[in-house]
Amino acid sequence: LKPLWPHTPRAGAAARPSGPGQRAEAEMAPKKAEEKEAAAVEGAEGKAAEEEPPQEETAKEAATPPTEQETDAAPVKTKVKEACVFHTEDTTLNVLPGASGKHLMALSEGGFQYLLAGARGSLGMKAGRYMFEVMIVERKDLMEGRGGHGPHPKSVVRVGFAAEGSSLLLGDGEGSVSFDSQGFFANGVDWKRASKPFSRGQVVAVLLNLDSSSPNANTISLFCDGKRVAQPQPLPESLQGKTLYPSVTYRNVTLQVNFGPNPLRPLPFKCLTLQEAAAGHCAPKKAAAAPKDGKHQVLVPIGLPDEGTFEWLDQFLAKHRHFTEISDRAFLDWAAKSGLKNGMHGGGKRTNNDKPEFKFGLQYMDDYSLHRALAVVAPMMPRNLVVMEVKQNLTVSGRKAVLEHYPGSEFKRVAMVVMGDPPAEWVKRVQEERLQEKREQAEAQAAKRKAELARKKAAEEAKRKLEADKKQAKEANAKKVGEATAEDEAEAKEGAQEKEAEEKDAEEKDAEAGAEEKAPDDNADEEKQEDEDMVVELTEKEKQAKFKRRSIPDLTVKAFSASYTDFSIPSKDEGFDDITFEWQAEGASKEYLTKWVAGKKLTQRVEDLQVSAWFTTKNDEWAAALSSWKKAQQAFKHPQKKIPKKVFAPKRAKKEDEDEAMEEAKPEEAKAKEEKAEDVAMEAKEEEAEEKPKINAADLDVFDVDDIADIGSGEPLFARFSAEDWILASLRFELHLLLHAFRRDLNDPDRPTFHERHLSFYYNKYFRKNITPKAFGVNTLTELLTYIEDTVVIDPKAFTLQAQVPEDAPLHLFVRLAEDDRRERQRRIDAGDAAAALKFSAAAVQAQSGSAGGGKSGGGGGGAKGGGKGQSYGRGSVGVAGRAAFGAGPSGGGYSSGAKRPYGGSAASYPPAKRLS
């Protein structure tokens, strides 16, 4: 929008000189101007003396105003009978008409003082010449709150004519023409200074001339206190031939509007007022039919977000102009048309349509005082309203608040359900608009390509011209050099050189001519190809679209995710007088909503999900088990490694002294028994060590081993685990636990899992850390999940995560899966497949190596008997440690059920471990 009140200096105004130097220059200016003018006249003698009038006559004509071309109006035989009034539906919400109907006031508190008020008369002109008058009765002081200043000027009046169906505010769009109190004329969206300003107590008359026989036909003029202050301004072509209605727009003033029959200030010629117009020159507009029961309607549209709700409302209001929209969207548009700038504090881009931000830097606008003031005023106004809030109207509590605000004793409350599959006409229009958008984009791209081709062609022509100039200069230089040589040599070679040059020139000219002839053909071919490529069609996906794509959503992500599960279709039990279904019947609409909510549950994340104690306990058990397994691996790899004695020398010395004292106190018989028991235990350990067989771990099936801490020879199943293997084992368990904890904590049968794009969000919510695919040598989470397809997969249709391991699976299962995967990976590496090697980042390996068994949320901590420092893969303090975490088998060995594989079926039914490809 262009500025509503442009500030340009008045015509003929001169800057006031300040300072001695400027005053001296100002005094000398007339003398210099005379000298300059005399010199100009003297130099132009004999050229235009006869054509130009004398200087004195020119100045005299400039001082004389144009002759008034308007004449006295002829008497009218049949006058219009209908009175010109302001119907309620033709006024903005803040207009307060006086008791006589001749005075107009406006609300001026709670933010309304910043908004323009508009009113349109009911008697339209379609022929003839008539006028109406307006006088500013009083100006009001603008109440300012904290923050910035409101629009300038604070008080404003616009008077003019507008077409039916245009904005109620003059100067908004191309449907009106008007003069304002600052001296500007608005022709649609174009503004210019065309009149003198007017103020309180002055009567201005707006004259519209639609008389085709008049020299001022199709013009509008302004008079102040009976004198012309603006020359006739032509009507735009878009308004010529249309019925135009008298209109006023104002802010912080009280107006007296006079439609006749007698003028307040007669004009220099006789001009009839609108109320004295001929019946054939006017088109009276009837007011909207009054409700039979005296109750105006309050409509509550109920539609799903981003499914044409606001588009439907726009179409409804275009057909039913006697309804007024009540919504934040409408308030923002109203404020923008009133000259307010949203976003002067914190950015003005709208984030949603339903509840957009109010950031005007004005207290009474930003603190929603406007909403509270309107909440008090709107129910008292006798007009039909449309209360438009998407989220509020979709919930029972929101609809209840609306009904409480508009009592049934004063309004007929109607719920209009706009839900389901829209009609064919709607879909056709959506596709046509999308096709038009694509055509415009294609045309813009084609124009850009043509401009680029033209630029290249011009550059090539300039290059050829430059080369030709260089060649010509070179030949001229060569000719000069040739003349400087001896005459005999020149004469001998001159013939041969000229002949050779002529032949060469002929060849080059032929080549250039061929290139010039070819270039247009090439360009023509390219342009022809572009024209063929201009065929724009909708894709199959676009042909299936039923709703228009918008860059601004109806609801914010946070507002949507927190409320969509509560969306419902209203019932008469809520208090509505009537419920209508615009697109589909009630049953089909309810079914559509049920499916819609179920589909959204699989794609929307739960912002307020609470982590349960069950998750914390299970995660602590894993942390403790992981710590004990890593210690067992270290003990197997380094059996002779002992803690240096010097570290605990003082404690050991003290312990030895205490043991010696106890030994001395014991009787001899007790000492003998203890020594004998120690000898027996030592012999048993030696026999057990000699009896343990040597077992090749690679020959064992990882799912047949009873105890992962000892495969039978003292070697743990995870003896060859690297840091990467421990990371993958932990990742398997974490995602397994995450999926089952989500299902338990949400407890929603319609949402047993979540969409893949929300994995990072839930992982961070539960484990208090981020999951970074690049740390694992991949770019996306989808690629990361290929490492653990034996535990978690992505549904190819719904793109949701699916757990492959039952909730009650023992912890050691994830170590077995990691070992099975490690063996397959090693086999491929040994076969020469370098792509099978893991490429984890050093930071990921170090973080896992530093967490020897989980810990508290956010990092740190260890297991029950020492967890290690650094980033943890656990959450909360560790509870159960060692064998207690694994169930029946020793060191987490056996399964509680008979099957050793995790899916409860036979070995053949167990899916193989993931194979990297």
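This short talk walks through a few backbone features of the structure and the pairing of one of its strands. Please keep in mind that the model is predicted.

I begin with strand E6, which covers residues 128–139. Of its 12 residues, 9 are buried, so the strand is mostly covered, buried meaning under 20% relative accessible area.

Which strands pair with E6? One of them is strand E11, residues 203–210, which runs antiparallel to E6 and is joined to it over 8 bridges. Within that pairing, Met131 has Leu207 of E11 as its bridge partner. E6 also pairs with E15, again in the antiparallel sense, over 6 bridges.

Asn252 is not a glycine, yet its phi is positive, at about 60°. Is Asn252 buried or exposed? Its relative accessibility is 5%, and therefore Asn252 counts as buried.

A second residue other than glycine with a positive phi is Asp225, where the angle is near 50°. Asp225 lies in the loop between strand E12 (219–224) and strand E13 (227–234).

Finally, I come to the loop between strand E15 (253–258) and strand E16 (282–284), which contains Pro261. The peptide bond leading from Gly260 into Pro261 is cis, and its omega is near 10°.

Key: Residues numbered from 1 in each chain as written. Predicted model: local features only at pLDDT ≥ 70, side-chain atom pairs only at ≥ 80, totals over all residues. Heavy atoms only, no water. Helix = DSSP H or I, 4+ residues; strand = E, 2+ residues; numbered from the N terminus. Buried < 20%, exposed > 50% of the residue type's maximum accessible area, 1.4 Å probe, protein only. Pairing = 2+ DSSP bridges.
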